[in-house]
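Here is a short report on one protein chain. Keep the sequence and the 3D view open while reading.

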Amino acid sequence: MAPYASDDSTTAGEVDEQRSGRRKAARYIVPVTVVGVAAATIGLVPALADSGDPDLPKITAQQLIEKIAKSDVQQLSGTVKISTDLGLPDLGGLESGLLSGAAGKGGGEDGSSADPTAKLTELASGTHTLRVAVDGPDKQKLSLLENAAEYSVIHNGKDVWGYDSKSNEVYHGTSDSPERGKDQQPPATPGDFAEEALKAVDDTTSVTVDGTAQVAGRDAYKLVVKPKQSGSTVGAITVAVDAKTGLPLKFTLTPASGGAAVVDAGFTKVSFAEPAASTFDFTPPKGAKVTEEKDAGKGSGETPRTAPGKPFALGEAPGHQAGKGPGGHDGMKTIGEGWTAIATFDTGGEGVPSGKAGGEFGGFIDSLGDKVHGTFGSGTVFSTRLVNALVTDDGKVYAGLVTKDALVKAADAGK
């Protein structure tokens with residue numbers, strides 16, 4: 001059986017070559033994090049408005065994937081707009097702190113507001129404008145534009161700088177090699193997100209070409225990835241691929257429930273000319289507080305890092321290690337496969353305290369989750385538009401890109 005369904009056939013060897021090629025093509029793309037519950041499970045970025053449908057030569061899904069794999073864009077600059085709508089509850093700003101905690105140690109009294117690990121978690125909600133520049137594997141810059149302020153991450157050779165103009169704080173670390181830096185950082189540009197999404201393609205997936213589009217003034221083909229299985233919260237993923245260079249220009253993920261994209265992002269402007277060398281120069285401004293990487297993790301027991309952790313694949317969750325659940329719990333298992341895979345582990349605790357048992361936070365917790373019941377007993381489901389998680393009253397956790405009913409069914413089967 002072919003590894004995925006498309007409008008043409010593919011051998012297993014060809015798929016391995018394509019995935020190897022995709023890794024080559026992706027390593028030059030500026031890494032930016034979009035963390036939070038959804039991005040921790042699968043990388044995502046979506047579509048901007050099309051200004052027309054260009055007339056391009058016909059191409060198959062197989063040929064388009066090969067085009068992405070062979071893309072070797074080493075120099076670019078441009079503007080990316082990202083809008084994220086995970087359907088998280090309004091916690092009055094508390095969600096930003098929770099997402100920072102999920103990503104790892106970041107800003108605050110023990111860290112620096114310029115640490116990319118914490119700062120870039122802001123991309124997990126709302127609408128943001130980014131400026132990106134790339135000149136090969138050793139020089140990248142990303143700037144997050146805010147009201148009267150700017151946050152930048154600059155990679156130049158072995159140096160990695162984070163600068164927050166609002167607080168006038170600087171974070172400095174080093175990268176031993178471009179590949180090491182890439183492995184440590186989650187996806188952000190359309191190319192990064194396409195790389196992560198295509199990793200999830202297997203025989204549970206349909207891949208087709210659905211016409212053309214124009215993005216940031218560039219003619220592009222539209223590659224559409226859809227789960228074959230029912231029960232997934234993922235509706236479809238659309239990647240607009242530059243017809244000339246093979247670079248993904250936009251990436252759209254829409255939920256099975258319908259409505260707006262979960263994440264909507266893509267280039268609004270892009271140039272493949274060589275950026276000016278001065279783009280990647282950085283010297284800490286006078287009076288700025290500078291935090292060195294080696295100092296950032298002191299007293300925390302953590303391994304400090306200059307950039308967010310490695311992207312999470314389908315079915316994984318924040319803090320997941322081989323055989324362990326979030327936070328290092330033993331016994332992480334996967335139920336099912338493909339887009340309906342469910343990660344499960346036992347916390348060894350007593351579930352989520354709610355009502356009177358939750359004390360002053362009991363009512364607050366109840367407002368965030370829905371109580372469910374089954375042959376497994378009872379528990380609480382916490383939902384976003386993409387990821388759902390069931391925590392049973394006896395401390396078992398089930399999570400995935402699946403519906404609430406799928407989680408209850410999995411919990412019942414586990415009894």
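## A facing pair in the sheet

Leu130 stands opposite Leu144 in β3. Strands count as paired if DSSP finds at least two bridges between them. Helices (H or I, at least four residues) and strands (E, at least two) are DSSP runs, numbered from the N terminus.

This is a predicted model: local features need pLDDT of at least 70, side-chain atom pairs count only at pLDDT 80 or more, and totals for chains, interfaces and linings use all residues. Residues are numbered from 1 along each chain as its sequence is written, and side-chain values use heavy atoms, with hydrogens and water left out.

## The 12-stranded sheet

Strands β2 and β3 sit in an open sheet of 12 strands. The order is β7-β8-β9-β10-β11-β1-β2-β3-β4-β5-β6-β12, and the pairing is mixed. On average, neighbouring strands are turned by 15° against each other, direction ignored. Axes here are lines fitted to C-alpha atoms, for helices over the stretch in contact, and angles run from 0 to 180 degrees between N-to-C directions.

Which strands does helix α2 touch? Helix α2 (residues 61-70) packs on the sheet against β7, β8 (218-227), β9 (234-242) and β10 (248-255). Its direction makes about 115° with that of β8. Contact means heavy atoms within 4.5 Å. Helix α6 (residues 190-199) lies across β8, β9, β10 and β11 (263-271). Helix α6 runs at about 55° to β10.

Strand β5 (residues 159-164) is mostly covered, with five of its six residues buried. Buried means under 20% relative accessible area, exposed over 50%, and partly exposed in between (1.4 Å probe, protein chains only).

On one hand, β5 pairs with β4 (residues 149-156) in the antiparallel sense over six bridges. Ser152 has Tyr163 of β5 as its bridge partner. Two residues lie between the strands of this hairpin, and Gly157 takes a positive phi near 70°. On the other hand, β5 pairs with β6 (residues 169-174), also antiparallel and over six bridges. Here the bridge partner of Asp159 is Thr174 in β6. The β5 and β6 hairpin has four residues between the strands, and Asn168 takes a positive phi near 55°.

## Salt bridges

How many salt bridges does the structure hold? The structure holds seven. A salt bridge is a side-chain nitrogen of Lys or Arg within 4 Å of a carboxyl oxygen of Asp or Glu. One of them joins Arg218 and Asp242, with the closest N and O atoms 2.8 Å apart. Arg218 lies in β8 and Asp242 in β9, so this pair ties together parts 24 residues apart in sequence. Arg218 is partly exposed at 21% relative accessibility. Asp242 is buried, at 1%.

Asp370 and Lys404 meet in another salt bridge (3.4 Å, N to O). This pair links distant parts of the chain: Asp370 is in strand β15 (residues 369-374), Lys404 is in helix α9 (residues 404-413), and they are 34 residues apart. Asp370 is partly exposed at 39%, and Lys404 is partly exposed at 29%. Asp393 and Lys371 also form a salt bridge (3.3 Å, N to O). Asp393 lies in the loop between β17 (388-392) and β18 (396-400) and Lys371 in β15, so the pair ties together parts 22 residues apart in sequence. Asp393 is partly exposed at 31%, and Lys371 at 41%. Salt bridges that share partners join Asp346, Asp394 and Lys396 into one network.

Which residues of α9 are buried? They are Leu407, Val408, Ala410 and Ala411. These residues cover an arc of only 160° around the axis, so they lie on the same side of α9. The arc is that of the directions from the helix axis to the C-beta atoms.

What covers the buried residues includes β13 (333-335), β14 (342-346), β15, β17 and β18. The face of α9 turned away from its buried side carries the exposed residues Asp405, Lys409 and Ala413.
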